[in-house]
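Morning, everyone. Let's walk through the charged pairs in this one.

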Amino acid sequence: MVTELVTSEIDHAGIALVTLNRPEKLNTMTADLLEQAHKVFSQLAQNPAVKVVILTGAGRGFCAGGDLSQGPGGAVTGSLRGNAAAAQLRTYMETAALLHTMPAVTIAAINGACAGAGLSWACATDLRFAADHARFNAAFRDAGLSGDFGGTWTLPRIVGFGRAREKYLLSEPFDAHEALRIGLVSEICPAEQLLERVHTIARGLAEAPPIALRLMKRNLLESEYTSFDQALDSEAVRHSRCAGTEDAAEAAKAFVAKRPPVFVGR
C-alpha cells in the first residue's frame with residue numbers, strides 16, 4: 001500500500017485543500033512525495049470545477065525543503081548524476097510550474113517551517129498567508145546547493161531583486177513578521193486560525209465570476225514576460241470577452257439594485 005504523502009480534498013464550492021503529509025519530517029520532499037504532488041497538482045489543474053487550491057502542511061511545518069537526511073539535495077534524483085539527474089529534477093520541478101500557472105487561484109497556508117524548495121513552492125502560489133510562528137529560510141547555501149523549484153525566479157518578483165539576493169546569499173532565517181514586512185506574505189494570524197482565515201479568503205474567490213478570475217490570472221502571468229503593448233492587447237481582448245458574459249451583466253444589474261451578485265460562470 002502506498003502511503004499518502006500528499007492528500008487532496010475538494011469541497012462543494014470548488015475549493016481544494018492539499019496537505020503535505022510527512023509531519024514527522026516537517027513535510028520535507030522525497031521522490032515519493034514529489035511524484036504524488038505532481039499527480040495531485042496535475043489533476044487539480046485539469047479539473048474545471050476547482051476554483052481555488054490551498055496548499056498547506058500537516059503538523060508543525062509547511063515544507064522544510066528536501067530531506068537532507070536521505071543524502072545531498074534530499075537525494076530526490078537517487079543515484080543519477082549529471083544530465084540524467086538534472087532531467088529527473090526538472091520533472092519534479094514541474095510541480096512549481098503547476099502551482100504557478102494552473103487556472104485555479106493557488107494559496108499557500110504557511111503553518112510552520114518553510115525553507116528551501118518548500119519556500120520555492122510557496123513563492124509559486126498566487127497568494128501566501130502565514131501563521132504567526134512560521135519561519136522562513138532560502139537555506140540552499142548552507143546545504144551546498146544553488147536553488148531549485150523556481151525560487152530564484154519567483155522570489156525576486158515578489159519581494160524585489162535586492163531582497164531576494166539577500167535571502168538567498170546570506171541564507172539567514174526570518175520570521176513571519178519579516179515575511180509580511182518585505183511583502184512575501186499578505187497576512188499573518190494565530191496558528192489555530194490560519195486555515196479558517198485562508199478558507200474565508202478562498203470562499204470569496206470561489207464566489208467571484210470564474211471567467212473573469214481565470215482571465216485576470218492569465219493577464220498577471222503574461223505580465224511576467226510580455227511588453228506593455230502586448231499586455232494592453234491581451235487586456236483588451238480578455239476584458240471585452242468578460243464584458244459579454246452573463247456574469248458581467250449580472251454584476252451590473254446587482255450594482256444598480258444594490259444587492260449581492262450571483263455568478264454562474266457564463
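First, a term. Buried means under 20% relative accessible area, exposed means over 50%, and partly exposed lies in between, with a 1.4 Å probe and protein chains only. By that rule, Arg 22 and Asp 67 are both buried.

Two notes on the source. This is a predicted model, where local features need pLDDT of at least 70, side-chain atom pairs count only at pLDDT 80 or more, and totals for chains, interfaces and linings use all residues. Residues are numbered from 1 along each chain as its sequence is written, and side-chain values use heavy atoms, with hydrogens and water left out.

Now the pairs. A salt bridge here is a side-chain nitrogen of Lys or Arg within 4 Å of a carboxyl oxygen of Asp or Glu. The structure holds 12 of them.

Back to Arg 22. Its side chain meets that of Asp 67 in a salt bridge, 2.9 Å from N to O. This pair links distant parts of the chain, 45 residues apart.

Next, Glu 222 and Arg 238. Their closest N and O atoms are 2.6 Å apart, in a salt bridge. Glu 222 sits in helix H8 (residues 210-222) and Arg 238 in helix H9 (residues 228-243). Helices are DSSP runs of H or I, at least four residues, numbered from the N terminus. Why does Glu 222 count as buried? Because its relative accessible area is 14%. Arg 238 is buried too, at 18%.

Last, a network. Salt bridges that share partners join Arg 163, Glu 166, Lys 167, Glu 178 and Arg 181. Within it, Lys 167 and Glu 166 meet at 3.3 Å, N to O. Lys 167 is buried at 8%. Glu 166 is partly exposed at 29%.

How values were computed: Helices (H or I, at least four residues) and strands (E, at least two) are DSSP runs, numbered from the N terminus.
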